[in-house]
Amino acid sequence: MQKISISSYLEKYLASNFNTYFYFKGRVALYSILKAMGVNSEDEVILPALTCVVVPNAIKYLEAKPVYVDINPSTYNMDCNQIEKKITCKTKVIIIQNTYGLTSDLDRIIDLAKKHNIYTIEDCCHGFGGTYNGKANGTKADAAFFSTQWNKPFSTGLGGFALINNEILKPKLEIFNNTLSEPSLADKIWLHILLVAKKYLVNNSTYWMMIRLYRYLSKSNLILGSSSGEELESPKMPKDYLKKMSTVQAREGISNLKKFDSLLKLRKKNALVYSRYLKNIGKTYVDEKLFNNHSFLKYPILVNDRESFFIIAEKNRVTLGDWFLSPLHPVRKSFELWDFNDNDYPVAKEIASKVLNLPTDCKDVNRIIDFLENNKEFIL
Ligand SMILES: *Cc1c(COP(=O)(O)O)cnc(C)c1O
């Protein structure tokens, strides 16, 4: 375990008993938790059919089988009614996600898991700051993992952490953590360069140009990316995957956490504006009352002719998000490599073909409402 003061901020924020462990990326936190749970080739892990490919990757790296569950269109998370029929005697873990910062019906899933003697892991990569029945996301399941990558609730550049609530897992996780390596000097230099570049070069006008450049360079393995090309090509573990968080990352996180409370307030306020507007014009919106309190990292909307809508948005300098335009974001093909067939999950497939995400961290939400109003024929 790395003792860095980031945990004191988390402690204050989450105000509960926990232990946090810091990693080079959120996916490494997930892998480490699965490892501590003893997941192996005999096991099955249940997860939503609308997720990041790095989630089934971590499962496949342990030779376990990912078992997907279709989503509920009003929560963008697993359809609770469909989980039980996926449980077999091999099921060891259920991964519960909070897509876009929307909370899942945790009590129901955790009760089901307990009944079958199955571990639960909350994927809080979008949900840091949200709560469920008054408890902070991540504090109810056996364990949770969080991402602090560029666009996640608070950023360390790249990075992530695990929160362990089930005491039994702690010694096992700590033993595994001792086998992880420190990020290399090159990693640290790259992170530093990217953090500076983000600060000075990315704004509303350059956002998509810079994102495209970053994705292209990282896919080609020319710079340190969120995902290396190989992670998106097949579920085979890249050779320098198992790393801890570096101090460059921790320092960035501490400074960003200081702004977190006001950012979260802004996100919730903007989400409410979007909800009211969309409800008013009779379009699909997120019900705030559903398992609240959502952290609204992004606000999902459904559109037709997504490509045209996206181009118009870019011209208007509205920085839409493109998370989950595929059920195994951002992979678009060869789903069978991850034991996935999108035809088996019609809701996830449909949502992934129509979803776009509105930013919730903008200071001038009315500009975005004006843009939506002028293009509402696209919105479903
Ligand atoms: C970003 C993300 C991850 C992985 O986080 P990294 O820090 O990029 O490894 C996992 N699950 C979900 C839902 C995510 O959005």
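Mentor: Let's start with Tyr 21, whose bridge partner in β12 is Ala 162. Keep in mind that this is a predicted model.

Trainee: Okay, and in what sense do β1 and β12 pair?

Mentor: Strand β1 pairs with β12 (residues 160–164) in the antiparallel sense, over five bridges.

Trainee: Why is β1 described as largely enclosed?

Mentor: Strand β1 covers residues 19–23, and four of its five residues are buried, so the rest of the structure largely encloses the strand.

Trainee: What stands opposite Ala 162 in β11?

Mentor: That's Phe 145. Strand β11 (residues 143–147) runs antiparallel to β12, and five bridges join the two.

Trainee: What's the strand order in the sheet?

Mentor: The order is β1-β12-β11-β8-β7-β2-β4, an open sheet of seven strands with mixed pairing. The edge strands are β1 and β4 (65–69), each of which pairs on one side only. From one strand to the next, the twist averages 20°.

Trainee: Which strands does helix α3 touch?

Mentor: Helix α3 (residues 54–61) packs on the sheet and touches β2 (44–48), β4, β7 (91–97), β8 (119–123) and β11. The direction of α3 makes about 145° with that of β4. Helix α4 (residues 106–115) also packs on the sheet, touching β7 and β8, and its direction makes about 175° with that of β7.

Trainee: Switching topic: which residues of α12 are buried?

Mentor: In helix α12 (residues 346–354), they are Ala 348, Ile 351 and Ala 352. Looking down the axis of α12, these buried residues fall within an arc of 100°, so they line one face of the helix.

Trainee: And what do they pack against?

Mentor: The buried residues of α12 pack against β5 (71–72), β13 (298–302), α11 (306–315) and β15 (355–359).

Trainee: How many aromatic pairs turn up in the whole structure?

Mentor: The search finds 23. Take Phe 296 and Tyr 299: their ring centres are 5.6 Å apart and their planes lie at 15°, so the pair is stacked.

Trainee: Are those two buried or exposed?

Mentor: Phe 296 counts as buried at 4% relative accessibility, and Tyr 299 is buried with a relative accessible area of 0%.

Trainee: Which residues form the aromatic cluster?

Mentor: Phe 22, Phe 128, Phe 146, Phe 154, Phe 161 and Phe 260 form one.

Trainee: Last one: where does the charged end of Lys 243 sit?

Mentor: Over the ring of Phe 24, 4.2 Å from its centre. Likewise, the charged end of Lys 298 sits over the ring of Trp 323, 4.7 Å from its centre.

Methods:
Residues are numbered from 1 along each chain as its sequence is written. This is a predicted model: local features need pLDDT of at least 70, side-chain atom pairs count only at pLDDT 80 or more; totals for chains, interfaces and linings use all residues. Side-chain values use heavy atoms; hydrogens and water are left out. Buried means under 20% relative accessible area, exposed over 50%, partly exposed in between (1.4 Å probe, protein chains only). Two strands pair if DSSP finds at least two bridges between them. Axes are lines fitted to C-alpha atoms, for helices over the stretch in contact, and angles run from 0 to 180 degrees between N-to-C directions. Contact means heavy atoms within 4.5 Å. The arc is that of the directions from the helix axis to the C-beta atoms. Rings of Phe, Tyr and Trp (its six-membered ring) pair if their centres lie within 6.5 Å; planes under 30 degrees apart count as stacked, over 60 as edge-to-face and the rest as tilted. A charge sits over a ring if NZ of Lys or CZ of Arg is within 6 Å of the ring centre and within 35 degrees of the ring normal.
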